[in-house]
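Hi everyone, thanks for making time this morning. Have a look at the model on the screen while I talk you through it.

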Amino acid sequence: MNTEIIKIILAFMVLINPFSALTLFLDLTRGYSMRNRRKVARVACLTIFITISFFTVAGESLLKALGISIGSFQLAGGILVFLISLNMMNGEGNPVKPDQENFDVDHVQDALPTMASAVVPIAIPMMIGPGGISTVIIYSSQVSGILQVSAIIIAGLFISLFCYLALMAAGRISRLLGDTGLNIMSRIMGMLLAAVSIEIIVSGLRTLFPSLV
């Protein structure tokens, strides 16, 4: 189980990837006091934790209500995650998250209050998008019992805290790594994510075709 939790934390860290949201966070909180910037980071990371917790508890029930089998969702989710990893390794970012270069920050600042911008777009979809939510549902469908479900939620709490620390250090990280450093980090995470996606696809194939795999 310890190995599985480490795998879950790794998948969350790569998919949620707070480093991809640093520039957007700095742009949206430009001119804010440290207190307000801290508040935005707290709300964003709380949103991530609530999203992970909700889909951990209710994700499988939602699939059953929609008539979608676990195996089919694992296969589809694994393919989605694999496509995301390919884009990250090619330096094209996450295809299911908004492009920061084309993101209308001025419009968001004018249209949304401080706390609303913490939820959308910083937390959703910039940090946790379809790939992250799919992965949460996939892992939660593979466990049973309160202890195992709690372990996924604890992993979500760990990642949320990590995201908070990354956002609070956004200025220093951006200056230290620069665009080149962030790009290299994205490619490395893409390689790790590709391995995670293969595990998910294989698990889905085993569920759908137990006699073949």
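Let me start with a question: in which hand does helix 3 pass helix 7, left-handed or right-handed? The crossing of helix 3 past helix 7 is right-handed, where a crossing counts as left-handed if the near helix is turned anticlockwise from the far one by less than a right angle, and right-handed if clockwise. Helices here (H or I, at least four residues) and strands (E, at least two) are DSSP runs, numbered from the N terminus.

Before going on, some ground rules. This is a predicted model, so local features need pLDDT of at least 70 and side-chain atom pairs count only at pLDDT 80 or more, while totals for chains, interfaces and linings use all residues. Residues are numbered from 1 along each chain as its sequence is written, and side-chain values use heavy atoms, with hydrogens and water left out.

Back to that helix pair. The axes of helix 3 and helix 7 come within 8 Å and cross at roughly 65 degrees; axes are lines fitted to C-alpha atoms, for helices over the stretch in contact, and angles run from 0 to 180 degrees between N-to-C directions. That makes helix 3 roughly perpendicular to helix 7, on a scale where angles under 35 degrees count as roughly parallel, over 145 as roughly antiparallel, 65 to 115 as roughly perpendicular and the rest as oblique. On the helix 3 side, the residues making the contact include Thr-51, Phe-55, Gly-59 and Glu-60, and on the helix 7 side Ile-133, Val-136 and Ser-140 are among them. Contact means heavy atoms within 4.5 Å.

Staying in helix 7 (residues 130-141), take Ser-134. Ser-134 is buried, with a relative accessible area of 11%; the cut-offs are under 20% relative accessible area for buried, over 50% for exposed, and partly exposed in between (1.4 Å probe, protein chains only). Leaving aside neighbours within four places in sequence, Ser-134 touches Phe-73 and Leu-80.

Those two partners bring us to helix 4 (residues 70-89), which packs with helix 9 (residues 170-208) at an angle of about 160 degrees, their axes 7 Å apart. Helix 4 and helix 9 are therefore roughly antiparallel to each other, and their crossing is left-handed.

Stepping back, what does the whole chain look like? There are nine helices and zero strands in the protein chain. Of its 213 residues, 42% count as buried. Among contacts with a separation of 6 or more, 87% come from residues 24 or more positions apart.

Beyond neighbours within four places in sequence, Phe-162 contacts Met-13, Pro-18 and Phe-19, and at 25% relative accessibility Phe-162 counts as partly exposed.

Now the charged pairs. Side chains of opposite charge can pair when their charged atoms come close. How many salt bridges does the structure hold? It holds two, a salt bridge being a side-chain nitrogen of Lys or Arg within 4 Å of a carboxyl oxygen of Asp or Glu. One joins Arg-30 and Asp-27, at 2.7 Å from N to O; Arg-30 is exposed at 53%, whereas Asp-27 is partly exposed at 22%. The other joins Glu-60 and Lys-64, with the closest N and O atoms 3.9 Å apart. Glu-60 and Lys-64 are four residues apart in helix 3 (residues 34-66), so about one helical turn separates them. Glu-60 is partly exposed at 25%, and Lys-64 is exposed at 60%.

For anyone checking backbone torsions, there are some cis peptide bonds to look at. The bond from Val-120 to Pro-121 is cis, with omega near 15 degrees, and a cis bond also joins Ile-124 and Pro-125, with omega about 5 degrees. Pro-121 lies in helix 6 (residues 114-127), and helix 6 holds Pro-125 too.

Last, confidence. The mean pLDDT (the predictor's confidence in each residue, from 0 to 100) is 82 for the protein chain, and 85% of its residues reach 70 or more. Confidence is highest in helix 3, at a mean of 92, and lowest in helix 5 (residues 105-111), at 47. Over residues 107-113 the pLDDT is below 50, and this stretch has 10 contacts in the model beyond near neighbours in sequence.
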